[in-house]
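Here's a quick tour for anyone opening this one for the first time. Have the 3D view ready, and go topic by topic.

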Amino acid sequence: MVGRVNDLSTAEKRERLETLAPEELAAIEAEDDGDEHDLPDLPNVDDYDEVRMRAAPNPNGPWHIGHARMPAVIGRYKERYDGSFVVRFDDTDPETKRPDLEAYDAILEDIDYLGFEPDEVILASDRLETYYEHARDLIDAGGAYTCSCSGETFSELKNDGEACPHREKDRETTRREFAAMVDGEYDAGEMVLRVRTDIDHKNPALRDWVAFRMIDTPHPREEASEYRCWPMLDFQSGVDDHLTGVTHIIRGIDLQDSAKRQRFVYDYFDWTYPEVVHWGHVQVDAYDVQLSTSTLKEKIDAGDLDGWDDPRAPTLKSLRRRGIRGEAVVEALAALGTSTSNVDLSMSSVYAENRELVDDEAERYFLVRDGEMFPIEGGPDAGHPPIHPDHESRGERTVPAADGVVVEPEDVPAEGDRVWLKGYACVRREGDSLVATGDDIDVVRAGDVDVIHWAPATDTVAVRLRTPDGDVSGVAEPDFGATEDGDVIQFERIGFARVDDHGDEESVAYWSHP
RNA sequence: GCUCCGUUGGUGUAGUCCGGCCAAUCAUCUUGCCCUCUCACGGCAAGGACCAGGGUUCGAAUCCCUGACGGAGCACCA
């Protein structure tokens, strides 16, 4: 009895259980849902009416896998706490981190692919007036001063814990000079607005940091192209977090000092700083290409990659085209947790998650790479392997064999050896032919004969399988031609793949994973 | 140089706050077996870790100290 139950597929077991004991099923599934104990609880959740988080991407290109960590994690927390999150594009550097106008939508698409919908989307470059207002308030509160020191000069003073002469100028002068900054009356480098923190704070990183600077290069967004006085991340982000009601900030360890810097501003305004979680950097194995948007952009421009969705690229667009569901990416990334140490994401865990999602649906087909042709002697005209081994009801395929077959070089039997052509019959190698032996399937069960996949010698579908390691050519059985673009299927003994396009010359499929 | 932070099997993670139930969890991974007309799915089993050394304690992965290793910041980048 137990053996019979074990023979059933998961889906079948579920169906049986549904008829036998619906309550039990509900209990089991509820348990499954509650099984997502990957992420630690957010701190002090009870202190807030609603948990509100934000993703603050710099729109400089489509996302790589590592970028997905933020939406994956805050999306999960949103679900857990019935909270919300805002996507805020921190596009306040028109020059060195110049925004890519196409990246805004590309990033929102990537978030959609992952299965999350932001509750709000805002652009920092729309909010300059807001930042200016707060800067003026900060000046009035004595919390900022304009400074015309060169970066080097100030740095030296700062490292010695010494104030620069501008620190003690009166507020009226600062007000006037800041107004001139906003009006664009200075060139880049001539004047900045500094936050007055603690000039001999033991951590040099926190001493009187820059809040606004002049940038001559116009912002690529037309709406923001007239501004020359731009806030630095720590000021802009700090003000926005408060104004948008963010209760929990999650960010990288590279911004460990940000909270400490921003607290000075918060103190001037008498605001309460949100909860902060810092996490380490993510690396992804299995890719030769570096995980960096700028590196990817260079590779694409140089023609080393076909585009952002090249299967060799570690981007979300690539994974998507390969038929990997956003949900699988989210699962794998959420499982990394939020520790402050750097972590490695292994693609095998993404693959494992995805396999679980697609295996039950994926139809099976044969693809033969670098096939060697053999005439068949004495067998039936066609083989009929099932469309899915766990679901007989889905029917079977028809793979013609009358005109001969092709098999992969590694599978070619030695002279006199037998091999079982899956869904067809047992054959023996006799010279350049494969001769049907009439053996029963028992020879396979006994372990005497290997089962291999195969394709007809004629009337096949030419396939280019695109993989992270490059393209592979082969021929697929005729029924493969009837699949739809976008279907995720399994090439038996090769791996899962997403049907990309059935062209006139050849069909293109993207390899997903084993 | 100054200032922060971290270190549990190949990978990730639980446990560390409030020492004993931890000869350390779960997943992935690898290997073997079973199932199977796929090297998929499923089942079973095995493998593999508390950075090091001191200290406190009846008892330490958990507390303290020292060291090693790793990471981050000290930008008119984000």
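What follows is a short briefing on some helices, strands and loops. Keep in mind that this is a predicted model. The tour begins with helix α7, which spans residues 151-159, and ends with the hairpins that β20 makes with β19 and with β21.

**Helix α7 and its two sides**

- Start with α7, where F154, L157 and K158 are buried.
- Those three residues sit on the same side of α7, because they cover an arc of only 100 degrees around the axis.
- Turn to the other side of α7 and you'll find E152 and E156, which are exposed.
- What lies over the buried residues? The cover includes two strands, β4 (144-147) and β5 (192-195).

**The four-stranded sheet**

- The two covering strands, β4 and β5, also belong to an open sheet of four strands, ordered β4-β5-β6-β7, with antiparallel pairing.
- Which strands stand at the edges? They are β4 and β7 (229-231); each has a single partner strand, so one side of each is left without a neighbour in the sheet.
- On average, neighbouring strands in this sheet are turned by 20 degrees against each other, direction ignored.
- Within the sheet, β5 pairs with β6 (residues 210-214) in the antiparallel sense, over three bridges.
- If you'd like a pair to look up there, V192 has R213 in β6 as its bridge partner.

**Two helices that cross**

- Two packed helices are described by the angle between their axes and the distance between the axes.
- Here the pair is α9 (residues 233-243) and α10 (residues 256-269), packed at an angle of about 65 degrees with their axes 9 Å apart.
- That angle makes α9 roughly perpendicular to α10.
- As for handedness, α9 passes α10 in a right-handed crossing.
- Which residues meet at this crossing? From α9 come L233, D234, S237, G238, D241 and H242, and from α10 come S258, R261, Q262 and Y266.

- A286 is one to click on: its phi is near 75 degrees, a positive value in a residue other than glycine.
- You'll find A286 in the loop between β10 (282-284) and α11 (293-302).
- Is A286 buried or exposed? With a relative accessibility of 59%, A286 counts as exposed, because the cut-off for that is over 50%.
- R493 also has a positive phi without being glycine, this time near 70 degrees.
- The loop that holds R493 runs between β26 (488-491) and β27 (495-502).

**Back-to-back hairpins**

- Strand β19 (residues 418-421) runs antiparallel to β20 (residues 425-430), and four bridges join them.
- One bridge to find here links R418 to its partner R428 in β20.
- Together β19 and β20 form a hairpin with three residues between them, and G423 in the turn has a positive phi of about 75 degrees.
- Strand β20 is also joined to β21 (residues 433-436) by four bridges, again antiparallel.
- On that side, E430 has S433 in β21 as its bridge partner.
- The hairpin of β20 and β21 has two residues between the strands, and G431 takes a positive phi near 65 degrees.

Conventions. Residues are numbered from 1 along each chain as its sequence is written. Chains are lettered from A and ligands numbered from 1 in the order in which they are written. This is a predicted model: local features need pLDDT of at least 70, side-chain atom pairs count only at pLDDT 80 or more; totals for chains, interfaces and linings use all residues. Side-chain values use heavy atoms; hydrogens and water are left out. Buried means under 20% relative accessible area, exposed over 50%, partly exposed in between (1.4 Å probe, protein chains only). The arc is that of the directions from the helix axis to the C-beta atoms. Contact means heavy atoms within 4.5 Å. Two strands pair if DSSP finds at least two bridges between them. Axes are lines fitted to C-alpha atoms, for helices over the stretch in contact, and angles run from 0 to 180 degrees between N-to-C directions. Angles under 35 degrees count as roughly parallel, over 145 as roughly antiparallel, 65 to 115 as roughly perpendicular and the rest as oblique. A crossing is left-handed if the near helix is turned anticlockwise from the far one by less than a right angle, and right-handed if clockwise.
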